[in-house]
Amino acid sequence: MSKQTNDTKIIILGGLGEVGKNMYCVMHGNEIIIIDSGISFPEGGLLGIDYILPDFTFLKENQDKIKALIITHGHEDHIGGIPFLVQSLEIPAIYAPNQAKELIALKFEDKNIRYDNLFVYNDQTVIKFDNIQVEFFRTTHSIPDSHGILVKTPDGNIVTTGDFKFDFTPIGPMADLHKMARIGDEGVDLLISDSTNALNEGISISETKVDNALNDIFDKYTTRRIIIATLSKLATIMVERFAYLEEVWKTI
Ligand SMILES: [Zn+2]
């Protein structure tokens, strides 16, 4: 059992220095909020393994402190672990943006899980716990309805961006740059930021261009099979496994 202090602690259970199974926890006194509950996908060598989950031991040891799970967006590496989490632990409430909420509800349905405390938030929502307050700001990403989170604690303001890129012609609403500026003016003591290829020069292409590219592919291969993965890593795994299966089929 961890010692109780009045300092704000950030416990990263997954997603730091790796792609996938994102799960951050902010703890202050007897309160823990969890941000995201993702899975990662097995690399080529891990045949027979469907998902990789974060280790929930810390949360099991601090079950009584858990107040809520808050979701930034609906990608599998942010929501894929939720069915397993709610079956392992008591999660008093889950807050998610609308699209992610629908995807989570489907997961519960698929696995026959009854969970009644799944709530939608938007960028105006404020959630108040005893020590911790949570607010949201809209971002843009490769999935619509993504948000960053401002966590106000007695020790200072923490911003976690979720995954994001700046997309000036997004599919869906623009990122709320004004709210980001306002939060910045109020003061951010810790920024936890995650943006794939952030260290590369230039700017990522807009999702609108991806849409056009998909239309081109569908127009071109009208009589062929098209396999679509919703995550780049998943696409890599599928290509690897198809290549492997092709090798196996050749030997039969
Ligand atoms: Zn994402």
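**Salt bridges and cavities in the predicted model**

Lys107 counts as buried, with a relative accessibility of 17% (buried is under 20% relative accessible area, exposed over 50%, and partly exposed in between, using a 1.4 Å probe on protein chains only). The model is a predicted one, in which local features need pLDDT of at least 70 and side-chain atom pairs count only at pLDDT 80 or more, while totals for chains, interfaces and linings use all residues. Residues are numbered from 1 along each chain as its sequence is written, and side-chain values rest on heavy atoms, leaving out hydrogens and water.

What does Lys107 pair up with? Its salt-bridge partner is Glu76, with the closest N and O atoms 2.6 Å apart (a salt bridge puts a side-chain nitrogen of Lys or Arg within 4 Å of a carboxyl oxygen of Asp or Glu). Lys107 sits in helix 4 (residues 98-110) and Glu76 in helix 2 (residues 76-79), so this pair ties together parts 31 residues apart in sequence (helices, H or I with at least four residues, and strands, E with at least two, are DSSP runs numbered from the N terminus). Glu76 is partly exposed, at 23% relative accessibility.

Altogether, the structure holds ten salt bridges. One of them joins the side chains of Lys101 and Glu102, at 3.5 Å from N to O; Glu102 is partly exposed at 42%. Another links Arg138 to Asp123, whose closest N and O atoms are 3.3 Å apart. Arg138 belongs to strand 8 (residues 133-139) and Asp123 to the loop between strand 6 (118-120) and strand 7 (126-128), so parts 15 residues apart in sequence get tied together. Arg138 is partly exposed at 23%, whereas Asp123 is buried at 11%. Shared partners also join Glu135, Lys152, Arg182 and Glu186 into one salt-bridge network.

Then there are the holes inside. Two cavities of 30 Å³ or more turn up (a cavity is a set of points on a 1 Å grid where a 1.4 Å probe fits but cannot get out, and lining residues have an atom within 4 Å of a point; volume is the space filled by probe spheres on the points, which are joined across faces, edges and corners). The largest cavity has about 90 Å³ of space. Of its 13 lining residues, Tyr24, Asp36, His78, Thr160 and Gly162 are the closest to its centre. Strand 10 gives the largest share of this lining, four residues.

The second largest cavity has a volume of about 30 Å³. Tyr24, Val26, Ile35, Val151, Ile158, Thr160 and Ile192 line it.

Note on methods: On a 1 Å grid over the protein atoms alone, a cavity is a set of points where a 1.4 Å probe fits but cannot get out, and a pocket is an open set with protein on both sides within 12 Å along at least five of seven lines; lining residues have an atom within 4 Å of a point.
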